[in-house]
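User: Please take me through this model by question and answer, with the cut-offs behind each term.

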Amino acid sequence: MTKEQPHGGKFITLEGGDGSGKSTQARLLAEYLRQQSIETLLTREPGGAPGADEIRQLILTGDPDRWDAVGETLLFYASRRNHLRLTIWPALKAGTWVISDRFADSTMAYQGYGNQLGEAAVQRVHDFAVGAFKPDLTFIFDMPPAEGLRRTTGRTHNEDRFEKMDLAFHGRLREGFLDIARKNPDRCVVIDATREIESIQEELRRILKARLMP
Ligand code: ADP
Ligand code: TYD
């Protein structure tokens, strides 16, 4: 919630490395909110609007060297701007709660820390494309990178440009997400993603109730 984009609904994001369980938990959280009779939209990045989905294909398929970190950051933010303007902002304005599987912290962690573009560079693009708008609550899914990668190795799809990155990259990524959480304690909660699905979901619901349904 910000001064720039007043809204009635709440904006919740799930962040973390590949295979950390974000989509599984996002689906369960949306189910829970709907059970509480809260109108809820479940979306994801990159994507979440027609133009943003086209950009998703550009970014995630093809040769790992297809884009450099700068080009990639601009594409993620072009996609994010489209997602905000056409999907997220209208939903929040209408009072719908929005759960997004990834949002801006992913660009900071992957491109800023993982690809070592640096925090300041990514923040500049963020300020230009998004301004002061931010999630009401962000869950950061934390686990050793090797474990997440193990969970995703069975996947058969062609959106695997990022899954080809090495373990050093994933180590920087994890530290990046933890750093983001440390710097934004009002918005971010770190979740131990190595636990059972049910116990993680219970924790998310408890935190969500305490923070957003006082
Ligand atoms: P992400 O969206 O973060 O990439 P997913 O929710 O798609 O992660 O989960 C990746 C894989 O791991 C899936 O096969 C999913 O069923 C499995 N999985 C999700 N959460 C857990 C968990 N807590 N423990 C074990 N396996 C899990
Ligand atoms: P996603 O499909 O959510 O992958 P996963 O289910 O494995 O988490 O996201 C695709 C990839 O794009 C993922 O490896 C993270 C990466 N990504 C970035 O590098 N920067 C970003 O800003 C976003 C949103 C995603």
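User: Where is S37 found, and is S37 buried or exposed?

Analyst: This is a predicted model, in which local features need pLDDT of at least 70, side-chain atom pairs count only at pLDDT 80 or more, and totals for chains, interfaces and linings use all residues. S37 is found in the loop between α1 (22-35) and β2, where helices (H or I, at least four residues) and strands (E, at least two) are DSSP runs numbered from the N terminus. Buried means under 20% relative accessible area, exposed over 50%, and partly exposed in between, with a 1.4 Å probe and protein chains only. Because its relative accessibility is 69%, S37 counts as exposed.

User: What is the phi of S37, and what is that of Q116?

Analyst: Most residues other than glycine have a negative phi, and most peptide bonds are trans. Q116, which is placed in the loop between α4 and α5, is exposed with a relative accessible area of 56%. S37 has a positive phi near 60 degrees without being a glycine, and Q116, also not a glycine, has a positive phi of about 60 degrees.

User: Which parts of the chain does the pair of F103 and F133 link, and how many residues apart are they?

Analyst: F103 is buried at 2% relative accessible area, and F133 counts as buried at 1%. F103 sits in the loop between β3 (97-101) and α4 (104-114), and F133 in the loop between α5 (119-129) and β4 (137-142), so that the pair links distant parts of the chain, 30 residues apart.

User: Which helices hold Y110 and F169, and how are their rings arranged?

Analyst: Both Y110 and F169 are buried. Y110 lies in helix α4 and F169 in helix α7 (residues 167-183), so the pair ties together parts that are 59 residues apart in sequence. Their rings are 6.0 Å apart centre to centre with 50 degrees between the planes, an arrangement that is tilted.

User: Which residues form one aromatic cluster?

Analyst: The edge-to-face partners F103 and F133 belong to a cluster that also takes in a further Phe and a Trp. Its members are F11, W89, F103 and F133.

User: How many helices and strands are there, and what is the radius of gyration of the protein?

Analyst: The protein has eight helices and five strands, and 52% of its 214 residues count as buried. Taken over C-alpha atoms, with a globule rule of 2.2 Å times the number of residues to the power 0.38, a compact globule of 214 residues would have a radius of gyration near 17 Å, and the protein agrees with this at 16 Å.

Notes. Residues numbered from 1 in each chain as written. Chains lettered and ligands numbered in written order. Heavy atoms only, no water. Phe/Tyr/Trp six-rings, centres within 6.5 Å; stacked < 30°, edge-to-face > 60°.
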